[in-house]
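This report describes how the chains of the model meet one another, taking one interface after the other.

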Amino acid sequence: MTHRLADLAAMVGADLEGDPDRPIDGIATLMAAGPGDLSFLTNSRYRDQALASKAGALLVSRDLSPETLADLRTDLVLCDDAYRALADLMTALFPVPEVVPGVHETASVDASAQVDPTARVDAFAVVGASSTLGPGVVVGAHTVVGRGCSLGAGTLLHPHVVVYDGTRIGERVVVHSGVVLGADGFGFAEGAEAASQVKLPQVGVVVIGDDVEIGANSAVDRATFDTTTIGRGTKIDNLVQIGHNAQIGEGCILCGQAGVSGSSRIGDRVLLAGQAGVAGHFRIGDGVQVAAKSAVFQEVEDGRQVAGIPAVPIAAWRRRNALQSRLPAMRGALRALERRVGELESAGRGGRDDPAADRGDET
Amino acid sequence: MTHRLADLAAMVGADLEGDPDRPIDGIATLMAAGPGDLSFLTNSRYRDQALASKAGALLVSRDLSPETLADLRTDLVLCDDAYRALADLMTALFPVPEVVPGVHETASVDASAQVDPTARVDAFAVVGASSTLGPGVVVGAHTVVGRGCSLGAGTLLHPHVVVYDGTRIGERVVVHSGVVLGADGFGFAEGAEAASQVKLPQVGVVVIGDDVEIGANSAVDRATFDTTTIGRGTKIDNLVQIGHNAQIGEGCILCGQAGVSGSSRIGDRVLLAGQAGVAGHFRIGDGVQVAAKSAVFQEVEDGRQVAGIPAVPIAAWRRRNALQSRLPAMRGALRALERRVGELESAGRGGRDDPAADRGDET
Amino acid sequence: MTHRLADLAAMVGADLEGDPDRPIDGIATLMAAGPGDLSFLTNSRYRDQALASKAGALLVSRDLSPETLADLRTDLVLCDDAYRALADLMTALFPVPEVVPGVHETASVDASAQVDPTARVDAFAVVGASSTLGPGVVVGAHTVVGRGCSLGAGTLLHPHVVVYDGTRIGERVVVHSGVVLGADGFGFAEGAEAASQVKLPQVGVVVIGDDVEIGANSAVDRATFDTTTIGRGTKIDNLVQIGHNAQIGEGCILCGQAGVSGSSRIGDRVLLAGQAGVAGHFRIGDGVQVAAKSAVFQEVEDGRQVAGIPAVPIAAWRRRNALQSRLPAMRGALRALERRVGELESAGRGGRDDPAADRGDET
């Protein structure tokens with residue numbers, strides 16, 4: 001489907017420098033775009049590619065420097081947040097195919113399950129007793145939905161998702177392949193015999209808010225009691241672990257391989273970067289950002305940026321890292337001072353012995 | 001099913017302060033419990049919730065302080081290990097539903113497999129040639145059991161587990177969805193051509209002891225030769241990686257996203273906290289505890305607690321962390337000393353130059 | 001199948017010290033081997049086991065010390081790279097069973113898919129519209145191949161793999177259970193409402209080169225545009241995360257639980273050790289080695305070995321770690337010096353006060 005460039009610009013509230021009638025029928029990267037494509041430049045480091053691009057028009061951020069934008073010979077679509085505009089334009093130009101409703105002949109749907117006539121259940125999927133699938137829900141091939149689950153309107157479970165009994169999923173949720181929702185929390189008490197453990201039955205459930213997305217092979221454990229909760233609009237990347245009874249707020253971003261221990265409380269709009277971890281039973285405030293590979297072992301107040309193991313304010317972490325590289329020089333300076341002080345002491349007092357113990361300890 | 005409070009207390013060897021005949025038909029958290037529920041208080045930080053709770057009775061640890069227990073108006077069930085008692089009572093009050101035996105009509109079970117008549121095989125499950133399923137075994141929907149596998153009595157494989165050929169699983173083992181047992185170990189030799197690798201066929205197997213539990217999306221690789229072994233009673237959380245030929249002892253606790261490299265030998269009752277890692281070919285002694293996010297790169301003696309990357313005794317790790325925060329001050333002190341020593345030298349010797357090189361290096 | 005020992009030695013270009021006609025019908029570890037087995041000794045720490053082994057012959061590295069090889073009473077097969085020779089001999093002695101072609105009666109293969117007559121599709125597998133399966137391809141039980149995918153000759157997908165639409169897989173690729181190829185990249189733009197995110201449709205694909213192996217439960221995301229690429233011969237362990245648009249070179253080794261962020265560019269023959277992470281948008285040069293548990297936050301030049309969080313050259317990382325353990329002593333030395341300098345100042349100037357602020361800051 002072809003659009004007028006001016007119409008696309010208007011769609012995202014952008015200014016247009018160029019031909020309003022230019023026909024655009026796709027979006028592509030700088031190197032892959034042709035004359036019928038809109039491309040985008042959001043980072044000055046790609047200026048050379050922009051100059052060489054055959055794109056018909058470029059979506060650019062207004063805050064790029066004049067040097068970056070100089071000499072670009074394509075039409076320009078200028079906007080405040082080019083990344084956001086890109087998302088909006090891609091949504092318009094790459095529409096999600098309509099869901100063809102129906103239950104595949106090989107699917108196994110319990111007679112007591114309620115499947116909206118506009119929902120789709122793919123090959124070999126299983127839907128357990130008393131579960132409800134709302135309008136437009138898609139249950140992918142091989143996905144298993146247990147008993148007593150609910151899936152809100154427009155929710156999409158890709159192939160090979162497992163939803164344990166009692167899980168409640170909101171509307172427009174996207175769950176990727178390999179995700180496991182509602183497996184037992186990791187709760188054991190020491191048993192009477194040596195090296196034995198008594199399992200605590202995990203009788204709570206998982207509740208997923210509207211507009212959540214969960215990446216491939218992530219796992220959200222059911223609660224021991226009550227609920228493990230993922231708040232509305234939170235986005236979870238691949239291979240992320242959410243422990244039992246964790247409470248994740250709204251609009252959070254949990255990057256790949258991050259982990260949240262049981263009973264953690266994560267506020268709204270929290271960012272956990274890749275491979276970050278949060279220990280249990282603490283509250284992480286609203287808007288907190290945890291750097292990649294960091295481990296939070298205590299409460300963090302609203303709005304803080306933290307890094308390190310254990311995590312500290314990111315400025316302190318940067319200072320420590322910088323000083324790490326100076327440790328060898330500090331040690332050298334310390335030894336030089338010891339020598340000089342020893343000489344001063346010898347000179348001043350007529351030959352007092354160097355107190356070698358101090359240096360000896362340090363080696 | 002309703003129980004007398006006194007009967008529940010007796011079941012876990014606890015003392016009762018209150019009405020022995022109080023009817024209890026559930027267990028719930030402090031905030032969710034009603035008059036027919038038993039709740040629990042195991043940590044003084046939840047005292048306020050205990051005061052506000054509508055629970056009929058409270059399970060409490062005897063070692064809580066008198067201040068914590070003061071003014072609680074509910075009946076009290078006092079015991080030495082409330083967490084353990086909670087596990088025992090939950091097991092009694094939330095019984096696992098009985099397994100309905102039978103092979104689902106859509107399951108694909110090889111004719112040579114031996115399935116005990118009390119076992120259950122769910123929808124679309126696959127059981128390969130010559131595998132044996134003991135009494136009460138449950139093979140969940142879509143779970144694939146390869147050829148020549150054995151599953152001991154009472155073992156439960158949740159939906160979407162994959163068990164490669166030759167895996168031997170003990171009794172009462174619980175395996176959650178997405179777990180992969182027996183995939184090839186990661187063994188390659190450098191090939192003759194640049195950037196080529198020659199795969200070592202992985203001809204060993206995986207052996208899982210009795211009473212093991214393995215969390216969602218974890219992976220245990222088969223051995224190159226012989227076995228990768230998970231000892232009796234060991235509990236493994238979600239997204240844990242166990243490399244080929246690793247030997248994990250009995251009664252261990254491996255928390256979420258922990259990783260054990262190939263050929264590691266882990267003793268009994270070892271704790272790996274979340275996201276911890278153990279490098280290959282080392283022995284980790286009995287009772288060792290590895291802190292979250294730590295990496296063990298060498299042998300650890302029995303009973304040690306270690307932390308850090310690389311892991312060191314936890315006391316040393318704490319000391320280093322504390323000193324990290326003092327590095328800026330140490331550097332300042334060093335510079336001040338250099339200045340003072342310089343002044344002393346100038347004063348004593350009539351103007352010798354400051355040996356700036358020491359400071360220069362350090363900057 | 002039985003081999004002459006001399007034939008096996010010749011197969012890997014090794015020298016034989018012993019009986020050329022010894023019949024060998026298996027390979028086993030030192031402790032498990034019997035007289036009909038070849039075993040192997042590649043590390044001097046297993047010398048005691050070698051002395052006690054009942055193996056008929058030993059494959060040994062020529063570079064082991066004479067002390068390690070002394071007194072071994074078995075026949076010896078001496079070669080330059082015993083690990084490589086082991087791989088080659090295992091490949092010969094443990095041949096992969098031939099693929100029995102055919103589509104299982106329960107599999108769901110779209111009418112428009114092209115399945116080579118020598119390919120095999122197992123129980124409950126799904127192959128989507130317009131996908132092509134080359135000669136000798138195996139699609140394991142329950143594996144889902146989406147629409148428009150291609151699988152090159154000899155590629156093996158174990159059970160429970162998910163391949164999203166449009167993925168292109170080369171020849172002789174091995175993909176283990178639970179792997180997800182082509183799930184949506186983690187791309188969101190901040191939305192207009194608080195805590196809302198706008199999803200960027202992920203319209204690119206995943207391309208996997210020839211001879212790649214991918215371990216259990218790993219995930220490779222599709223690109224936002226264009227491709228996420230895994231180069232020829234690269235081996236990926238379990239639970240590894242590869243973000244959207246990452247470009248992984250040829251012959252790389254990515255160990256368990258490693259993570260590569262979106263848009264990273266990894267050169268050829270790169271090693272990421274276990275639980276290592278690479279942040280996005282940087283280039284990691286050819287031959288780079290990243291130590292276990294390290295995090296790369298910037299570009300790394302060809303051939304470097306790096307370690308730490310953030311990763312630095314490994315020599316610097318070792319020096320820092322060594323100095324870490326000396327921090328308490330350094331601090332003690334600093335305090336001792338302050339005292340001594342204070343005394344010198346008092347002596348030389350008749351009682352000047354100690355400038356306590358320096359020490360105070362540091363505490």
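## Interfaces between the chains

In this predicted model, chain B and chain C bury about 5500 Å² between them, and carbon and sulfur atoms account for 65% of that area. On the side of chain B, Phe186(B), Phe225(B) and Arg340(B) supply 14% of the area that this chain buries against chain C, which is more than any other three residues give. The contact draws on 69 residues from chain B and 70 residues from chain C.

Two salt bridges are counted between chain B and chain C. One of them joins the side chains of Lys199(B) and Glu213(C), with an N to O distance of 2.7 Å. The elements of chain B that give two or more residues to the side touching chain C are the strands β21 (180-183), β22 (188-190), β23 (197-199) and β26 (219-221), together with the helices α5 (314-324) and α6 (327-349). Of these, α6(B) gives the most, with 12 residues. By class, this side of chain B has 38 nonpolar, 19 polar and 12 charged residues.

The interface of chain C with chain A can be described in the same terms. Here 68 residues of chain C are in contact with 70 residues of chain A, and the two chains bury about 5500 Å² between them, 65% of it on carbon and sulfur atoms. In chain C, the residues that lose the most area to chain A are Phe186(C), Phe225(C) and Arg340(C), which together make up 14% of what that side buries.

Between chain C and chain A the count is again two salt bridges, and one that can be named is formed by Lys199(C) with Glu213(A), whose closest N and O atoms are 2.7 Å apart. Residue pairs in polar contact across this interface, both at pLDDT 80 or more, number 22. On the side of chain C that touches chain A, α6(C) gives the most, with 11 residues, and the residues of that side divide into 38 nonpolar, 19 polar and 11 charged.

| Lys | Glu | N to O distance |
|---|---|---|
| Lys199(B) | Glu213(C) | 2.7 Å |
| Lys199(C) | Glu213(A) | 2.7 Å |

Note on methods. Residues are numbered from 1 along each chain as its sequence is written. Chains are lettered from A and ligands numbered from 1 in the order in which they are written. Side-chain values use heavy atoms; hydrogens and water are left out. Contact means heavy atoms within 4.5 Å. Buried area is the accessible area (1.4 Å probe) that two parts lose on being put together, summed over both. A salt bridge is a side-chain nitrogen of Lys or Arg within 4 Å of a carboxyl oxygen of Asp or Glu. Helices (H or I, at least four residues) and strands (E, at least two) are DSSP runs, numbered from the N terminus. Ala, Val, Leu, Ile, Met, Phe, Trp, Tyr, Cys and Pro count as nonpolar, Asp, Glu, Lys and Arg as charged, and the others, Gly among them, as polar. A polar contact is a pair of N or O atoms within 3.5 Å; within protein, one must be able to donate a hydrogen and the other to accept it, and residues adjacent in sequence count only if both atoms are side-chain atoms.
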